[in-house]
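Hello,

Here is the structure I promised to pass on to you. Please have it open while you read, and my notes follow just below.

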Amino acid sequence: MNKYITKKNILLTLLLAFIVIQFFPIDKTNPPVELEKDLIELTNPPAEIAANLKTMCYDCHSHESRYPWYTNIAPFSWRIKSHIDNGRRHLNFSLWGEYTEKKRAHKLDECVDMCTKHWMPTLDYKLMHGRMSDEEYSEMAAFFESTKIQKSTLSDFDYLLGSWKRTDDEEGNQTFESWKKESESKYIGRSYTLNGEDTLSQELMTISKYPDNWMLGVQLPGEPAETMFTMKDMDATSFVFESKENEFPKLIKYKASEGRLDAEISGDDMAIPFSFVKM
Ligand code: HEC
């Protein structure tokens, strides 16, 4: 037995190590908070739920992390810092406004799941901050669920309805597009380009609701099937559909404003804009 390995020496070494690691504090600077992107600002939950989100979730899932005294003590501070970095990477309520509709829906599902199973906050956080009651958990789950429903009822494309004429055609060409609503879950659009008497191109479009998402199908005459695009983002007056497999376009974007419709189809390094006015 080496005479230096005594109980006393081991304790002294540990103490020394503990003192040395205190010289490596964590970075506590929070990124700036932009309230117009914040979940609570955007969804306006009841006060109690907002308070619980702030005290039980925001320390790791926002730019408003608080750092109580024990976050000064290594090595606990390192573990806390890694929870904050990791938590923000997975879900950041301070950047809620930047998330696409699809990402929000997915994150809301996960939040409902975490609340129903009581899996969040993390175990060591519960030890330091106390737990939420079963009732508080189910209220929070219900809030996340209702936020999801609010968003999906917003999904309609009525702003497309009617006939549109393109204003940025090539010389001599005239492009028209028209949309009608076949049902609450299906819109049909037709577009064609004329040059004098000749029809240069035509296409048929459908926007249909599948159980959990909208899809856009585009079909040219003579093509056996529609090319399908999945919904990437949408709000009350715009949408983006995407197909990663299609050669061109990969993205189809529309944005409506007073009597106008601005569209863009784009692929790897090409983008074609279309501007329409209501007829
Ligand atoms: C102590 C920090 C901490 C607190 C507080 C916290 N979380 Fe988390 N959360 C994390 C970490 C870390 C992860 C990533 C887990 C992993 O690595 O899989 C996570 C993951 C999640 C995820 C999964 C996201 C994904 O993309 O997989 C959800 C949803 C979530 N947390 C919701 C919440 C909710 C709701 C609260 C409040 C009730 C909360 N969290 C409180 C640290 C925290």
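One term first, as it comes up throughout: a residue is called buried if 20 or more other C-beta atoms lie within 10 Å of its own, exposed if 12 or fewer, and partly exposed in between, with C-beta atoms placed from the backbone. N44 shows how this works: it has 10 C-beta neighbours inside 10 Å and so counts as exposed.

Please keep in mind that this is a predicted model, in which local features need pLDDT of at least 70 and side-chain atom pairs count only at pLDDT 80 or more, while totals for chains, interfaces and linings use all residues. Residues are numbered from 1 along each chain as its sequence is written.

Now the overall picture. The chain holds seven helices and ten strands; these are DSSP runs numbered from the N terminus, helices being H or I of at least four residues and strands E of at least two. The radius of gyration is 27 Å, well over the 19 Å that the globule rule gives for 279 residues, so the chain is more spread out than a compact globule. (That radius is taken over C-alpha atoms, and the rule is 2.2 Å times the number of residues to the power 0.38.) Along its principal axes, the C-alpha trace spans about 100 × 45 × 35 Å. Buried residues make up 20% of the 279 residues.

There are two domains, domain 1 (7-153) and domain 2 (158-278), with bounds that come from an automatic or database domain assignment. Their centres, taken over C-alpha atoms, are 41 Å apart.

Next, the ligand. Which residues come nearest to the ligand? Of the 18 residues around the ligand, they are C57, C60, G87, M120 and P121; a residue is near a molecule if its C-beta atom, placed from the backbone, lies within 6 Å of it. Two helices, α4 (76-90) and α5 (101-117), each supply at least two residues of this shell.

Let me take α4 in more detail. I80, I84 and G87 are buried in α4. They cover an arc of only 75° around the axis, which puts them on the same side of α4; the arc is that of the directions from the helix axis to the C-beta atoms. On the other side of α4, S82, D85, N86, R89 and H90 are exposed.

In α5, the buried residues are E101, K107, L108, C111 and C115. Their arc around the axis is only 120°, which places them on the same side of α5.

The loops deserve a look too. Between α5 and α6 (123-129) you will find H118, which has a positive phi near 60° in a residue other than glycine. H118 is partly exposed, with 13 other C-beta atoms within 10 Å. P121 is in the loop between α5 and α6 as well, and the peptide bond from M120 to P121 is cis, with omega near -5°.

The loop between α3 (47-56) and α4 contains S65, which is buried, with 21 other C-beta atoms within 10 Å. P75 lies in the loop between α3 and α4 too, and the peptide bond from A74 to P75 is cis, with omega near 0°. As for N44, it sits in the loop between α2 (39-43) and α3 and has a positive phi of about 55° although it is not a glycine.

Best wishes
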